[in-house]
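Colleague: I am new to this one and would like a short tour. Could you show me the model before we talk?

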Amino acid sequence: MSQLVAYAVSSNNSRGRAIHEEPPVGRSEFQRDRDRIIHSAAFRRLEYKTQVFVNHEGDLFRTRLTHSLEVAQIGRSIARNLGLNEDLVEAITLAHDLGHTPFGHAGQDALNECMRDYGGFEHNLQSLRVVDVLEERYAAFDGLNLCYETREGIMKHVTRKNIPKLGALGERFVQHKRPSLEAQLANFADEIAYNNHDVDDGLRSGLITLQQLQEISIFSRHLKQVQDRYPQLPERRMVYETVRNMINTLVTDLIRQSTSNIQDAAVENLSDVHAAPPLIGFSQQIKKEQQELKKFLFDNLYRHFRVVRMSNKARHTIERLFAAFSAEVQLLPVKYQKKFEHEGHQAIADYIAGMTDRYAIKEYQRLFTIAEG
Ligand code: MG
C-alpha cells in the first residue's frame with residue numbers, strides 16, 4: 001500500500017477488535033477484515049439481492065453484490081489519491097450493504113413497519129449485526145470480530161433511539177463527532193456508484209429515456225462531450241461513455257474538494273478528523289448537480305409505476321411472511337424458533353432480512369401456496 005497520511009486510520013492507531021487476536025501475518029488488520037467479509041455468507045447472498053430491480057428481471061442489472069464491488073472500486077481510487085487507508089475503505093464498502101433485506105428499500109421499509117412495536121428495523125444496524133453477531137463461522141466468537149474502524153464505517157448513521165444498541169460505537173453520535181475520512185468517503189463512493197449505475201440500469205430497462213436525461217445538467221454536459229467527439233457512436237456505447245465520464249468527473253471533483261477541505265482544516269491526526277466538520281465532499285457545483293440527478297432518479301425511476309408495482313408486491317410479501325411467523329412461530333426453521341425464545345421478534349427480522357429476493361419469493365410460495373410436486 002502507498003504511504004498513509006498522518007490522519008489516516010492505520011493498524012497502529014486502530015482501536016482494535018472486541019476480542020483480542022494475534023496480529024495477522026502477511027496482511028494488514030484491515031485486509032484481514034476485508035477477507036473475512038468476502039468469505040461471509042451474507043456477502044454471497046448479495047448476489048441475489050437487488051436495489052431497484054428485482055433479481056429475476058434481467059441478468060445485466062446491478063445486484064447488491066455488483067453494486068458493492070463498484071462502490072469498493074470507486075472508494076479505493078479516492079482513498080489512494082488522498083493517502084487514506086485503502087484496505088479499510090475496501091472492507092467498509094464491501095460490507096456496507098450486508099444487512100439489507102430482500103427487495104431493496106421497499107423490503108427495508110416493510111420490515112421496519114412490521115418491527116415497529118419491537119424496536120424497528122434499520123439496514124445499517126442490521127449490517128453491523130451481521131458482522132458482530134449473525135455470521136457463525138469462527139470457533140472463538142460469533143460474527144467476524146472486525147476492527148472498530150471497519151464497524152464504525154458500516155454504521156454510517158443511526159436513529160437516536162438505536163444509539164444505546166451500539167455500545168462504544170454509539171459514542172460518536174452522542175458527542176457529534178465525525179467518523180474517519182475512510183468512513184466518510186465510503187459514503188460518497190456509495191452515492192457515486194448508485195447514481196451512475198441507476199442511470200445506466202434505468203436506461204437499459206426503458207423506464208427512463210435519454211431524452212428525459214438531457215434535461216439533467218450533469219448528464220447532458222457529459223453526453224454532449226461524447227457526442228461532439230464521437231458523433232457516430234451507437235446509443236448503448238454512448239450511454240456507457242457518458243456514465244464513465246460522469247463517474248470520473250465526480251471522483252476527480254471529490255478528491256480535489258476534499259484535499260482542499262483537509263488543508264483548510266489543518267488536521268494532523270485522527271482525533272482532529274473526529275473533531276472537524278465533515279471533510280470529504282463535492283464542490284458546490286457538483287453537489288447541486290448531484291442533487292438534481294438524485295431528484296430526477298427519485299421522481300422518474302424509483303417512483304416509476306412499474307417500480308412502484310414491484311415494490312408493492314415486495315412489501316406485501318414481507319408483511320405476510322412476518323405476520324405468519326409472528327402468529328405461528330413453529331413455521332420458522334428450528335434454528336430461528338430457538339432464537340425466538342431468547343430474542344423475540346428480532347429473530348424473525350433476522351430470518352427475513354437474511355433472505356435473498358428469490359428465497360423470499362420461494363418461502364412465500366412454500367407458506368401460502370398448495371401446489372403439486
Ligand atoms: Mg449501497
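**A walk through the model**

Modeller: Let us begin with a loop. His176 is placed in the loop between helix H8 (171-174) and H9. Please keep in mind that this is a predicted model.

Colleague: What is the phi of His176 near?

Modeller: The phi of His176 is near 55 degrees, which is a positive value in a residue other than glycine.

Colleague: And is His176 buried or exposed?

Modeller: His176 counts as exposed, because its relative accessibility is 56% and the cut-off for exposed is over 50%.

Colleague: Where is Ala266 placed, and what is its phi?

Modeller: Ala266 has a positive phi of about 50 degrees, although it is not a glycine. Its place is in the loop between helix H12 (235-265) and helix H13 (270-275).

Colleague: Let us turn to the metal. Which residues are the protein donors of the magnesium ion?

Modeller: The protein donors are His67 and His96, each through NE2, and Asp190 through OD. They lie 2.1 to 2.4 Å from the magnesium ion.

Colleague: What spacing do the donors follow along the chain?

Modeller: The spacing is H-x28-H-x93-D. His67 sits in helix H3 (residues 64-82) and Asp190 in helix H9 (residues 181-205), so this pair, 123 residues apart, links distant parts of the chain.

Colleague: Are His67 and Asp190 buried or exposed?

Modeller: His67 is buried, and Asp190 is buried as well.

Colleague: Now the charges. How many salt bridges does the structure hold?

Modeller: There are 31 salt bridges in the structure. One of them joins Glu29 to Arg17, with the closest N and O atoms 2.7 Å apart. Glu29 lies in helix H1 (residues 29-38) and Arg17 in the segment before H1, so the pair ties together parts that are 12 residues apart in sequence. Both Glu29 and Arg17 are buried.

Colleague: And what of Glu191 and Lys294, where do they lie?

Modeller: Their side chains meet in a salt bridge at 3.6 Å, N to O. Glu191 is in helix H9 and Lys294 in helix H14 (residues 284-302), and the pair links distant parts of the chain, 103 residues apart. Glu191 is buried, with a relative accessible area of 15%, whereas Lys294 is partly exposed at 33%.

Colleague: How far apart in helix H18 are Glu363 and Arg366?

Modeller: They are three residues apart in helix H18 (residues 357-368), so about one helical turn separates them. Glu363 counts as buried, at 7% relative accessibility.

Colleague: Which residues are linked in a network of salt bridges?

Modeller: The network links Arg27, Arg34, Asp35, Arg76, Arg80, Glu86 and Glu90.

Colleague: A change of topic: how many disulfides does the structure hold?

Modeller: The structure holds zero disulfides. As for cysteines, Cys114 is buried at 15% relative accessible area, and Cys147 is buried at 1%.

Colleague: Last topic, helix packing. At what angle do the axes of H16 and H17 cross?

Modeller: The axes of helix H16 (residues 334-343) and helix H17 (residues 345-354) cross at roughly 140 degrees and come within 6 Å. The two helices are therefore oblique to each other.

Colleague: Which residues make that contact?

Modeller: From H16 they are Tyr336, Lys339, Phe340 and Glu343. From H17 they are His345, Gln346, Ala347, Ile348, Asp350 and Tyr351.

How values were computed
Residues are numbered from 1 along each chain as its sequence is written. This is a predicted model: local features need pLDDT of at least 70, side-chain atom pairs count only at pLDDT 80 or more; totals for chains, interfaces and linings use all residues. Side-chain values use heavy atoms; hydrogens and water are left out. Donors are N, O and S atoms within 2.8 Å of the metal (3.2 Å for Na, K and Ca); water is not among the atoms, so sites may look incomplete. Helices (H or I, at least four residues) and strands (E, at least two) are DSSP runs, numbered from the N terminus. Buried means under 20% relative accessible area, exposed over 50%, partly exposed in between (1.4 Å probe, protein chains only). A salt bridge is a side-chain nitrogen of Lys or Arg within 4 Å of a carboxyl oxygen of Asp or Glu. A disulfide is a pair of cysteine sulfur atoms within 2.5 Å. Axes are lines fitted to C-alpha atoms, for helices over the stretch in contact, and angles run from 0 to 180 degrees between N-to-C directions. Angles under 35 degrees count as roughly parallel, over 145 as roughly antiparallel, 65 to 115 as roughly perpendicular and the rest as oblique. Contact means heavy atoms within 4.5 Å.
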